[in-house]
Amino acid sequence: MANQNSQERLDDIEDEFRRAVFLAVYQSRQQRVRRVTAMLVLLLKYLLRGLIILWPIYVVFLAVLLFPNVWQYLWYFLVLLPGLFIWIIIYLKGARLEYKSYVTGFILENGFIKQLFLQ
Amino acid sequence: MFKVRDNEPDYAFVPKVDAPEKNQYGKSIELVDKNDPLANKSLNINGEDFVSDNPNRYKQHGFYFNADNCISCHACESACSEKNDLPSYLAYRAVGYVEGGTYPNYTRLNISMACNHCDDPVCLKGCPTRAYTKFAEYGAVLQDPDICFGCGYCTWVCPYNAPQLDTEKGHVHKCNMCVDRLEVGLKPACASACLAGALDFGVIETIPENRDQLETQIPGFPTPEITHPNIRFQQTRSLPREMTRTDSIPLRYERDEQGTGNYKSKVRELDKPIEWNLSKLRSREDPLVIFTLISQTVIGAFILMFLGSIFGEAIGLSALSITAYPKTYSLVLFTLLGLEIFALALSTMHLGKPHRFYRAFNNLRYSPVSREVAGIAVFFNLLALYSLLATFPPLLTWLISDLLVESITRLTGWAAVVAGPIALYFMHKIYRIKARPFWNHWQVLTSFYGNMLSLGSMILIVVFGAVLLYAQQPIAQFISILGSIMLLGLIMEATGLYHHARDLHRQGGEGAASHYEQRTRFGKTYVLRNILMTLSIVMSFTLLLVSPEGLQAYLLWLGVLLLVNAQAVIGRALFYVLVIPTTMPGAFFWRNRGFQEHARESGLAEMHQVGVLPETH
Amino acid sequence: MLFGRKNKNPIKLVDHGVKEWKYTTCGYCSTGCSIEVGLNEKGEAVTSRGVDNADVNRGKLCLKGIFEHELFRSDGRGQVPLVRDKRYDEFKPASWDDALDKVSSEINRIQQQHGRDAFAIVSTGQIMTEEFYTLGKLARGVIGTNNYDGNTTLCMASAVSGYKRSFGSDGPPGCYDDFEHTECLLAIGSNLPEQHPIIFWRLRQALEKRKFPIIVVDPRVTMFAQMADMHLAIKPGTDVVLLNALAHVILKEGLQDQAYIDAHTSGQDDFMQLVEQYDPYTASTICGIDEDTIRNVARLYAKAGAAMTIWTMGINQSTHGSDGVVGINNLNLITGNIGKPGGSSLSITGQCNAMGTREWSSCSGLPGYRALENEQDRKDIADYWGIDSEFFPKKRGLFQTDIFPAIETGQIKGMWLIATNPMTSMPNTARIRKTLEKLDFLVVQDAYEDVETNEYSHVYLPAAIWAEKEGCFTNTERRVNLIRNVVKPLAESKPDLWIFNQMATRFEQGRKIKFPENAKGVFNEMRELSKGRMLDYSGMTHEKIEQQRGIQWPCTDEKDEGTPRLYTDGKFQHADGKAKLIPLPFVDNNEKPDEEYPFWLNSGRVVEHFHTRTRTGKIGNLNKFSPTPYMEMNPDAAKELGIEHGSYARLISQRGDAIVMVQLTQRIAPNMVFVPFHFHECVNRLTLGLLDPHSRQPAFKQAAVRVEPASNQDVAAVRNKAARTY
């Protein structure tokens, strides 16, 4: 991440005063909203990465919604669920790890969405 | 930059000597011309922009090991571990030994091995994420743990046990030729640390002072033909004709009496008892057992159902046509899809870093793993497209004509029928590893294709058989056709396994040692698998002859299918667990698989300083 | 790059981030390598490397030295003093004052009730020379017990005794440089590649320049034996016979250096008369080396222009240890191989500062190689310290291996152990347990709280380790080298010097004597006391030592540099200035294998561990090479007993039993097993440890055992795991 070296990390700041200043910004509403957004961006990134495998599930979901007599197609969706379940775990784990590496402890600057996405 | 000490002794510097033009395999030692655009670039070590002025920078370098002198003092291993901050459960360099003779005429040959930075690095070619790079600088083969996702394939293909899969961190790392030291003219830490004049380093094919040989092999070292490793040996001391290992691998090394005097690996029959060891069938590769079996089942079931739906009418498989039982047809399609998604998820979880799964496609050019993943992905996508179009034509009919949609559906189905077996072919290529003789046999292909047919037909028999029974239709012919396809698959697999056992036994070495393990450590399990297979074949044959009808037929065939299933799972588990790679001999505790297992079982591994991670999965 | 990625990611290699290097000397074995410890920004020790221009190791380190910086914060370190009333009570943390008060009051109580000698002090070979000297002052000059010894009795006492008997004084006469000049090396019971890898490297360097014959005498085929020109697989406990036979051949064939014998030795007549009885044939029936080989070796040794003998525990740890050393000295004296380049009888010492305790600790005498038996010496020291010379006993007291039986019989009531672990290192563990139970009061002073001897202690004093303090060590070749203080001691642990000084203030006599506060001050006292003596330190200072990377004593003010060899002028330390040729009659009192116990039990060491593993057992990258006790056994012998490679077996001797993992290898004789001694509750449960009459050193390498497969492998595994906490 381009700004990783230039950005300060909360854990690395030892000086009490600088810590306090950092925390003031870190805990502000804007930053908290940004962090939630960041998590969603990361999840989206993983969803897109796994698209090559999971796209049929999305289409089935769509199909189930769009067409009448939803109930008869529910089975088709249900048999796909166990696999989907494990994939979601993988995505969550990945998103969580990237969140920990690139978001926790950092102040998110403008353009953070693009950076997280391209990381 | 690595700091050279103020009074750095002479032994620590890489000697500046003349080297021949080509190495013993005919390859040029100068890796790139000085005017090449790749030359004179910084190695970018830790972000530093430094270029060494060493005139030999683009020559292939390698280790020189004098096996006459090594005393197994562990200084080289420790210097490496210290420099690279390695934990106690993992090391880039390891010293093992082979021993022979009778007291007091006893000889121990110690062997220190790290990475040989081979001319033809199989690790680099095999890696699906392209985490490896062979640098023109020094010919070093370096691996990047940040790119790696921990599949461990490189650890399978390397004959010298160089890459280390760190199960705690989830990635592989390995010897980096201390390129930071090389850039300032110093030998790697291990060679600088050697206390016995055994381990040395320099431009390949140059002989250090006071030495005179440039051997490419010593007893215990695998054939250099696999990768053309950049290591040379001196071994002049007389050795006993037979040398054995102290780690638990049932191998010994016997001198080829006639001819070259090289040592060949042979089985060492250790009088082991014949056991079940069912619990040891479980291993780190469990997800791959399931993944390969499910993929083969899915591909087989789909091919049979699709082809059956088109051509089935003529031979009594009309139940499979789309119009006969459309809901069942679609449900089977989606179940196959769901199974495959599950299998893919499992095989992804097998990675050290599952969330890096998307990197698997990075090395389609060389890596069988990349190709297999791509093949399965292509098959899967076609299967998905077919399933969606066959089940929900309205998805497209609002856009294009019904006829066109039907054609497209048919086309994707046919494409999937072709893609599936191709994917399985790539899947088998993964196991055709020269360093793993137990796997490197065409039996893998017959097993995979055989399973495809036998397990695939199993799904159709179970599902459609039940549907037919419920609809009170005759099932004898239906089951017989599918049953004979299943039988065909079984026979294919059995033939392959028979030849495999015979060929292994003949070729000796690690393959025969695996077979020995199969007959002893897993002896009873092996016999069970063979019995189940034979029984399945015999019973199928009988049922085909007798051709029962109705519920009776269904239940009888169900019985056979359970046997088939059991033998497939046992067989696949044995396949993974039995492989003895051509690894370097270990020592009594360190790099001894038997001790590692014992440490985990007895709880010794709970102490971190024992150097064994408590869990493998 | 040739193939792979086109765009280079940075190559990430570990950088320890060293900001400062500090000079130290290794705290493990007595090779005495100079180590630089690297400190990072935060002042933490993050790496070690050999000092490039140090003469001993020239930039190299063995595996223990490579990881030595990990010691400072390893597991099991003591952090606060611990005190309890009864040894089976729970330990309670205490302040230093309270703990030291308790110790001094107990010492006083015991001495008042039972006499001065009822309190024993047993120290070590691993604290600094300045600390040894201070402890000597405390033990001899303040507490005044004559039952004061060190654990060097378990390893080097025979060498000390042998040197004193032959040359009149302790002090190894040779140096590592002798390898460069010698024309024949005889190594008896020394396994350099595993025990002193850097000394082996010095040997290897000499061999690369000029090949000379190497003869190794060892019952096992060690790596040293394997690379030797001749390997003599001797029967355990019979070295003296071999040495007598070699002397016999040399004298018989007239190969001795008669001029040297006449000029510099005394007692040749008695000696030659005794040696006459040990003809090669007779000798071969006892020691198992055939007569031709004996003759061959003798001729090779005597005809060489310069020949040297090295030895370690194989000679020392037997009932004939002292005699064995004398035998080696005899051999070298009759061939004129003392005090010349390449000609030496060089005892390879065990602990990093065993030499320091031998020189300065006053265990066996008085500081600076002085003797309690010598009235002038008593007066000199008493005057220097400022006490009455009558306070000193007129001869030395009990050795460590006699102190324990004295506890057993109730003569000694209290003991202070410093940096040693007799629970694991003394023979016959069961007896040691019973012995320690008898003590009224036991103080253990050690860097590690989990040292097993603490099971029986009443007070535990946490000591600083290695370079958490400053001072000197002396190595095998008499090189005094410096350890700079690298990091602060952990938590409340304190340097041993501080502890001794504090203890001294709690005694009336102690308050009268000067106890310098820091190592430099103590070193100055040592310089003054050694001036003009054999171990002259007067030309040394800490700074000079660091600059020269160690100075071999004697180093006088005028010379300003060390002395590589002793006795170069043929003048020895006996009153007549000559060395003694001492006849060595051999009586076989070893515990030999018999029908009930058919195997020799040989114990020894492996390169990855040191002593009782309180240090190396915590460092994963060392411990992993031998993480659990094992034994080497011959496959042919094992087959008969149904014992399998990698399984557990039970060893039984007349003292007890032990469980070990079995390593089958042809490197050991069919009638012998070898067990590394490092592990607690293992080989010393079996050893007898019969004592040498002169040196009181136990025979760790001669005992008899029988072997059986463990009846239940799973139970054996549980038992094995439960026996140790690390």
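This is a predicted model: local features need pLDDT of at least 70, side-chain atom pairs count only at pLDDT 80 or more; totals for chains, interfaces and linings use all residues.
## How the chains meet

Let's begin with the whole assembly. Two pairs of chains touch, and the pair with the most contacts is chains B and C. Chains A and C, on the other hand, share no contact: their closest C-alpha atoms are 13 Å apart.

## Chain A: a chain of helices

Taking the contacts with a separation of 6 or more, 76% are between residues 24 or more positions apart.

## Two helices crossing in chain A

Two packed helices are described by the angle between their axes and the distance between the axes. For α2(A) and α5(A), the axes come within 9 Å and cross at roughly 135 degrees. The two helices are therefore oblique to each other, and their crossing is right-handed.

Which residues make this contact? From α2(A) come R35(A), M39(A), L42(A), L43(A), K45(A), Y46(A), L47(A) and R49(A). They meet Y91(A), L92(A), G94(A), A95(A), R96(A), E98(A) and Y99(A) of α5(A). Sorted by class, the contact of α2(A) with α5(A) has nine nonpolar, one polar and five charged residues.

## A helix pair in chain B

Helix α8 (residues 368–391) of chain B packs against helix α10 (residues 402–429) of chain B at an angle of about 155 degrees, and their axes are 8 Å apart. With that angle, α8(B) is roughly antiparallel to α10(B). The crossing of α8(B) and α10(B) is left-handed. In the contact of α8(B) with α10(B) there are 17 nonpolar, five polar and three charged residues.

## Salt bridges

Side chains of opposite charge can pair when their charged atoms come close. Over all chains, a search of the whole structure finds 77 salt bridges.

In chain B, R252(B) forms a salt bridge with E242(B), and the closest N and O atoms are 3.4 Å apart. R252(B) belongs to strand β11 (residues 251–255) of chain B, while E242(B) belongs to strand β10 (residues 242–245) of chain B, ten residues apart. R252(B) counts as buried at 18% relative accessibility, whereas E242(B) is partly exposed at 36%.

## Charged pairs in chain C

In chain C, the side chains of R109(C) and D440(C) meet in a salt bridge, 4.0 Å from N to O. R109(C) lies in helix α2 (residues 96–114) of chain C and D440(C) in the loop between α19 (429–438) and β15 (441–446) of chain C, so the pair ties together parts that are 331 residues apart in sequence. R109(C) is partly exposed, with a relative accessible area of 28%, and D440(C) is partly exposed at 37%.

Shared partners can also build a network. Salt bridges of this kind join a group of residues, including R433(C), E455(C), E596(C), R650(C) and R719(C), into one network.

Most residues other than glycine have a negative phi, and most peptide bonds are trans. Here are some exceptions to look for. A cis peptide bond joins Y103(B) and P104(B), with omega about -5 degrees; P104(B) lies in the loop between β2 (94–102) and β3 (105–113) of chain B. Another cis bond joins W553(C) and P554(C), with omega about 0 degrees.

N40(B) is not a glycine, yet its phi is positive, at about 60 degrees. N40(B) is in the segment before β1 (61–66) of chain B and is exposed, at 52% relative accessibility. A419(C) also has a positive phi, near 50 degrees, and lies in the loop between β14 (414–418) and α18 (422–425) of chain C.

Terms used. Residues are numbered from 1 along each chain as its sequence is written. Chains are lettered from A and ligands numbered from 1 in the order in which they are written. Side-chain values use heavy atoms; hydrogens and water are left out. Axes are lines fitted to C-alpha atoms, for helices over the stretch in contact, and angles run from 0 to 180 degrees between N-to-C directions. Helices (H or I, at least four residues) and strands (E, at least two) are DSSP runs, numbered from the N terminus. Angles under 35 degrees count as roughly parallel, over 145 as roughly antiparallel, 65 to 115 as roughly perpendicular and the rest as oblique. A crossing is left-handed if the near helix is turned anticlockwise from the far one by less than a right angle, and right-handed if clockwise. Ala, Val, Leu, Ile, Met, Phe, Trp, Tyr, Cys and Pro count as nonpolar, Asp, Glu, Lys and Arg as charged, and the others, Gly among them, as polar. Buried means under 20% relative accessible area, exposed over 50%, partly exposed in between (1.4 Å probe, protein chains only). Contact means heavy atoms within 4.5 Å.
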